[in-house]
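Work through the exercises below with the sequence and the 3D structure open. Try each task before reading its solution.

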Amino acid sequence: MMNYPEPQAIVSGSKVARYYYTNLAQALIAGKMARMEAAKLAAQGYDFGYCAPGSVTSINEGPYKGMHEVTIP
């Protein structure tokens, strides 16, 4: 696993984790790192299902409102 920028919150799932950042620049760095790690894992046969590691989404509602969600492999 890579050394991602420290997120403000983490939600772990079965195929990926979601890291939440208040700083967009940190989220974009984490997203780029996640895409690189996902490419390596996919080459080894890992299936992420419908998840898209490296995607960065701005959250507009719920407990993470105002934060940026990054999908981590």
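**Exercise 1. Decide how far β2 is enclosed by the rest of the structure.**

Solution. Step 1: apply the cut-offs, where buried means under 20% relative accessible area, exposed over 50%, and partly exposed in between (1.4 Å probe, protein chains only). Step 2: four of the five residues of β2 are buried, so the strand is largely enclosed by the rest of the structure. Step 3: take Tyr19 as one case; at 9% relative accessibility, Tyr19 counts as buried.

Before going on, note that this is a predicted model, in which local features need pLDDT of at least 70, side-chain atom pairs count only at pLDDT 80 or more, and totals for chains, interfaces and linings use all residues. Residues are numbered from 1 along each chain as its sequence is written, and side-chain values use heavy atoms, with hydrogens and water left out.

**Exercise 2. Find how β2 pairs with β1 and with β4.**

Solution. Step 1: two strands pair if DSSP finds at least two bridges between them. Step 2: β1 and β2 run antiparallel and are joined by four bridges; a hairpin of four residues connects them. Step 3: on this side, Ile10 has Tyr19 of β2 as its bridge partner. Step 4: β2 and β4 also run antiparallel, with five bridges between them. Step 5: here Tyr19 stands opposite Val70 in β4.

**Exercise 3. Which residues make up the largest nonpolar core, and which element gives the most to this core?**

Solution. Step 1: a nonpolar core is a set of buried Ala, Val, Leu, Ile, Met, Phe, Trp, Tyr and Cys residues joined through side-chain atoms within 4.5 Å. Step 2: the largest one has 10 residues, namely Tyr4, Ala17, Tyr19, Tyr21, Ala27, Ala30, Met33, Ala34, Val70 and Ile72. Step 3: two or more of these residues come from each of β2 (17–21), α1 (24–43) and β4 (68–72), and α1 gives the most, with four. Step 4: look at Ala34, which is in helix α1 and is buried, with a relative accessible area of 0%. Step 5: Ala34 and Val70 are 36 residues apart in sequence and 8.3 Å apart in space, C-alpha to C-alpha. Step 6: contact means heavy atoms within 4.5 Å. Leaving aside neighbours within four places in sequence, Val70 is in contact with residues including Ala17, Tyr19, Ala27 and Ala30.

**Exercise 4. Classify the ring pair formed by Tyr4 and Tyr19.**

Solution. Step 1: rings of Phe, Tyr and Trp (its six-membered ring) pair if their centres lie within 6.5 Å; planes under 30 degrees apart count as stacked, over 60 as edge-to-face and the rest as tilted. Step 2: the whole structure holds three aromatic pairs. Step 3: the ring centres of Tyr4 and Tyr19 are 5.8 Å apart and their planes are at 80°, so the pair is edge-to-face. Step 4: Tyr4 lies in the segment before β1 and Tyr19 in strand β2, so the pair ties together parts that are 15 residues apart in sequence. Step 5: Tyr4 is buried, with a relative accessible area of 11%.

**Exercise 5. Is Met2 buried, partly exposed or exposed?**

Solution. Step 1: Met2 lies in the segment before β1 (9–12). Step 2: at 26% relative accessibility, Met2 counts as partly exposed. Step 3: not counting residues up to four places away in sequence, Met2 touches Met33, Met36 and Glu37.
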